[in-house]
Amino acid sequence: MKRWTPKAVATEAKLLLIGIPVLLWTLIPVYHMVLFAISSKDSATSGNLWPKNPTLDNFRIVFQQKHFYLDHFWLQLWNSLLIAVSVGALTLFVATTAAFAISRLRVRGGRTVMNLALFTYFIPAAFLAVPMYKTMGNYGLLNSQWALILAMVTIASPYCIWVLKQASDKLPYELDEAARMDGASPLQLFRLVYLPLMVPSLVAVGTYSLLLAWNEYLYAFLLLSNDKSVTLAVALGNFLSADDSPWELLMATGLIYALPPAAIYYAFKRYMVGGLTAGAVKS
């Protein structure tokens with residue numbers, strides 16, 4: 001049984017004094033989103049702490065696409081899912097193979113290339129939006145979902161390569177030597193030794209890149225313009241184009257859009273914490 005000393009009580013009190021305000025600050029926007037989502041149009045802005053007559057009609061309207069802002073709700077949700085999964089898979093492939101080549105095969109110039117890629121993060125992503133738009137236009141990819149997929153892979157890959165490389169450096173190099181002595185080729189070394197040992201980090205960077213693409217707005221807004229090809233994140237912006245915006249439908253749609261990444265994060269959070277910090281400290 002834990003003994004409570006005055007020092008432990010004081011430490012716990014300090015954590016609570018910091019944690020409770022942070023928790024409330026985090027939950028208040030979610031509370032307002034839920035409040036609007038279960039309110040009717042007339043009572044959504046009444047200022048009540050809880051609606052007198054909560055309703056799920058807003059979700060029914062969203063699911064049945066009963067509003068002209070929601071004409072392509074299911075298609076746009078599918079676009080978001082397709083783009084996010086594609087970005088996660090491609091980023092995972094690029095980052096895994098690059099980290100393996102740099103850390104385990106020790107290719108010449110690999111670390112320099114990785115450091116140069118990381119250097120791009122000194123430039124805010126918003127500053128790269130116009131050059132990215134011009135580049136995609138030159139290759140004829142504008143208004144194609146591949147434009148957004150490739151742009152997000154470009155943004156996510158340097159960090160993911162660095163995380164996997166740091167985690168890979170912690171693996172005993174004797175495993176590689178033993179596998180080579182048994183006649184393993186680099187591809188077999190990658191498949192049979194490297195990948196099984198890197199699963200937590202692979203899940204972490206895959207989840208990170210997937211969520212990054214799922215929440216992206218700026219590049220999706222610039223590179224996609226067709227209502228049938230945009231992501232739901234961009235489509236949500238259409239709700240703000242009118243003076244009398246249906247806030248209750250916006251919040252209901254936003255709540256639906258927030259559920260998949262929340263579920264993904266909580267499903268893999270132990271991998272996220274362990275994988276992203278795997279290479280933070282070298283022994």
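**Two crossing helices**

I started with H4 and H6, and H4 passes H6 in a left-handed crossing (left-handed if the near helix is turned anticlockwise from the far one by less than a right angle, right-handed if clockwise). Before going on, I noted that this is a predicted model, where local features need pLDDT of at least 70, side-chain atom pairs count only at pLDDT 80 or more, and totals for chains, interfaces and linings use all residues. I also wrote down that residues are numbered from 1 along each chain as its sequence is written, and that side-chain values use heavy atoms, with hydrogens and water left out.

Helix H4 covers residues 110-119 and helix H6 covers residues 145-169; their axes come within 9 Å and cross at roughly 135°. (Axes are lines fitted to C-alpha atoms, for helices over the stretch in contact, and angles run from 0 to 180 degrees between N-to-C directions.) That angle makes H4 oblique to H6; under 35 degrees counts as roughly parallel, over 145 as roughly antiparallel, 65 to 115 as roughly perpendicular and the rest as oblique.

Which residues of H4 meet H6? I found Arg-111, Met-114, Ala-117 and Leu-118 in H4, against Pro-158, Tyr-159, Ile-161, Trp-162, Lys-165 and Asp-169 in H6 (contact means heavy atoms within 4.5 Å). By class, this contact has seven nonpolar, no polar and three charged residues. (Ala, Val, Leu, Ile, Met, Phe, Trp, Tyr, Cys and Pro count as nonpolar, Asp, Glu, Lys and Arg as charged, and the others, Gly among them, as polar.)

**H8 and its neighbour**

Next I checked H8 (residues 186-197) against H9 (residues 199-214). Their axes come within 5 Å and cross at roughly 70°, so H8 and H9 are roughly perpendicular to each other. Leu-195, Pro-196 and Leu-197 of H8 touch Val-199, Pro-200 and Leu-202 of H9. I sorted that contact by class and got six nonpolar, no polar and no charged residues.

**Aromatic rings**

How many aromatic pairs does the whole structure have? My search gave 14 (ring centres of Phe, Tyr and Trp, its six-membered ring, within 6.5 Å; planes under 30 degrees apart are stacked, over 60 edge-to-face, the rest tilted). Phe-190 and Tyr-194 make a stacked pair, 5.6 Å centre to centre with 20° between the planes. Both sit in H8, four residues apart, about one turn of the helix.

**The whole protein**

Finally, I counted 12 helices and zero strands (DSSP runs numbered from the N terminus: helices are H or I, at least four residues, and strands E, at least two).
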